[in-house]
Amino acid sequence: ITASGNISASGKVITEEVESAADFTLDVEGDITLDANGADIILSDDGTDFGRFKRDSSDFIIKSETNNKDIVFRGVDNSTTITAMTIDMSEVGRVGIGTTAVSAKLHLSGSDSTESSLRQSRAGVRIWDQAIDSSSRLQWGHRTSEAGSRNVTVTFAANGMVGIGEGNPQSTLTILGNTGDGHIEIGNDTGTGYIQVIDRDAATQ
């Protein structure tokens, strides 16, 4: 069928190809079903295939057909088009969330600690997260609910300082506890244990 205007049809229309010199719109009152016995629905642009939906052993496959070209998920947030996720095919399927410059197997990026954090929760128990704060410190923290206050447990500063119970460590290792339990415990099943300090240059203890 070659059309320059509208086509109205009732029942079944059998044709191998439909061509239109302008945009082509399917407007139906019900659902649209694409039934391909060859199990492939191919997307092309001027004769060049760029995408494919496929059934493979009952699995649903979404494939980018162009060499090294990505699959990109976009949407509209507050009237602005955003890229929510990128699957980078030139880097063996690296996944980027919040970034199109995907530099690791899973790369998260955002404008603040909430947008760039990695969160894990167990319903009714606790919410844990890993986030980068405004001073470039990597922190592990937790809260009892989404509305609850976040408690920072471990902090890794960019200058190599580490804090346990301290969000802004000023020493190589800072350990702080709540009132009454700010201590370090070292031991084993036999009730013994010790701290060993070694001068690596002098090889002495």
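Select strand E4 (residues 48–56) together with strand E5 (residues 59–64), which pair in the antiparallel sense over six bridges; strands here are DSSP runs of E, at least two residues long and numbered from the N terminus, and two strands pair if DSSP finds at least two bridges between them.

The model is a predicted one, in which local features need pLDDT of at least 70 and side-chain atom pairs count only at pLDDT 80 or more, while totals for chains, interfaces and linings use all residues. Residues are numbered from 1 along each chain as its sequence is written, and side-chain values use heavy atoms, with hydrogens and water left out.

Next, select the open sheet of four strands, ordered E6-E7-E8-E9 with mixed pairing. Strand E6 (71–77) and strand E9 (106–108) each have a single partner strand and stand at the edges, so one side of each lacks a neighbour in the sheet. On average, neighbouring strands of this sheet are turned by 20° against each other, direction ignored. Zoom in on E6 and strand E7 (residues 80–88), which run antiparallel and are joined by seven bridges; here Gly 75 has Ile 82 of E7 as its bridge partner.

Finally, move to the open sheet of six strands, E10-E11-E12-E13-E14-E15, whose pairing is also mixed. Strand E13 (residues 151–156) and strand E14 (residues 162–164) run antiparallel, joined by three bridges, and Val 154 has Ile 164 in E14 as its bridge partner.

Conventions:
Axes fitted to C-alpha atoms, helices over the stretch in contact; angles between N-to-C directions.
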